[in-house]
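The tour goes from one selection to the next.

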Amino acid sequence: MKRIMIVLVLLTMVLLSACAPKQEMGTTAIMPAGRAYAEGKEVYFMHTEASDADVAKLLTDMMDSPVLFVPSLAGTPDTALANVYVFSNGIEGMGPLGYAPDVFDNPPGTDGYSPLRSLNMVSWVNPAEARELKSAADVLAAESAGELVIEQPGVVINMPFVVWDGGKR
């Protein structure tokens with residue numbers, strides 16, 4: 001009799017769990033991703049917030065998805081920031097200003113990774129000699145060689161990676 005009761009209880013539990021609504025693991029959202037380079041590899045990332053209203057509007061218009069203006073991001077300590085290099089002239093491409101793709105340092109899995117990026121504006125001294133650079137080391141070497149100039153306007157952008165060498169969200 002005891003065995004029959006245990007079987008009935010287990011059978012009831014199975015039937016009830018089969019009828020229960022399934023638990024969702026989370027809502028899926030579709031967001032546009034930008035293509036860039038980090039350490040010579042292609043990566044994809046999102047723009048979610050920017051500390052400068054004009055940059056937030058530019059990125060919103062470019063991605064056709066809202067990038068929030070969050071002025072307090074500008075107060076992020078340098079130790080919590082990684083870098084993004086954005087080209088303002090040179091070869092045409094998919095970058096936010098219509099030139100070469102962005103270049104990131106410190107992708108996920110490396111020391112110094114942060115989704116919060118300090119904006120570095122890169123301009124070629126002689127745009128006719130521009131070439132596509134695919135790593136922060138390449139950008140800094142070209143700067144040292146006098147081929148380009150890097151300016152830091154003090155803008156911070158939240159740019160989490162969604163696909164990178166060896167990982168994805």
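The model is predicted, so local features need pLDDT of at least 70 and side-chain atom pairs pLDDT 80 or more, while totals for chains, interfaces and linings use all residues. Residues are numbered from 1 along each chain as its sequence is written, and side-chain values use heavy atoms, without hydrogens and water.

Now show β5 and β7 whole. Six bridges join these parallel strands (strands are DSSP runs of E, at least two residues, numbered from the N terminus; two strands pair if DSSP finds at least two bridges between them).

Six of its six residues are buried, so β5 is largely enclosed by the rest of the structure. Ala82, Val84 and Val86 cover one side; Asn83, Tyr85 and Phe87 lie on the other.

Next, the rings. There are four aromatic pairs (ring centres of Phe, Tyr or Trp, the last by its six-membered ring, within 6.5 Å; planes under 30 degrees apart are stacked, over 60 edge-to-face, the rest tilted).

Select phenylalanine 45 and phenylalanine 104. Their centres are 4.8 Å apart and their planes at 65 degrees, so the pair is edge-to-face. It links β2 to β6, 59 residues apart.

Move to phenylalanine 87 and tryptophan 124. Centres 6.4 Å apart and planes at 15 degrees make this pair stacked. It links β5 to β7, 37 residues apart.

Finish with Phe45, Phe104, Tyr113 and Phe161, which form one aromatic cluster.

Note on methods. Helix = DSSP H or I, 4+ residues; strand = E, 2+ residues; numbered from the N terminus. Buried < 20%, exposed > 50% of the residue type's maximum accessible area, 1.4 Å probe, protein only.
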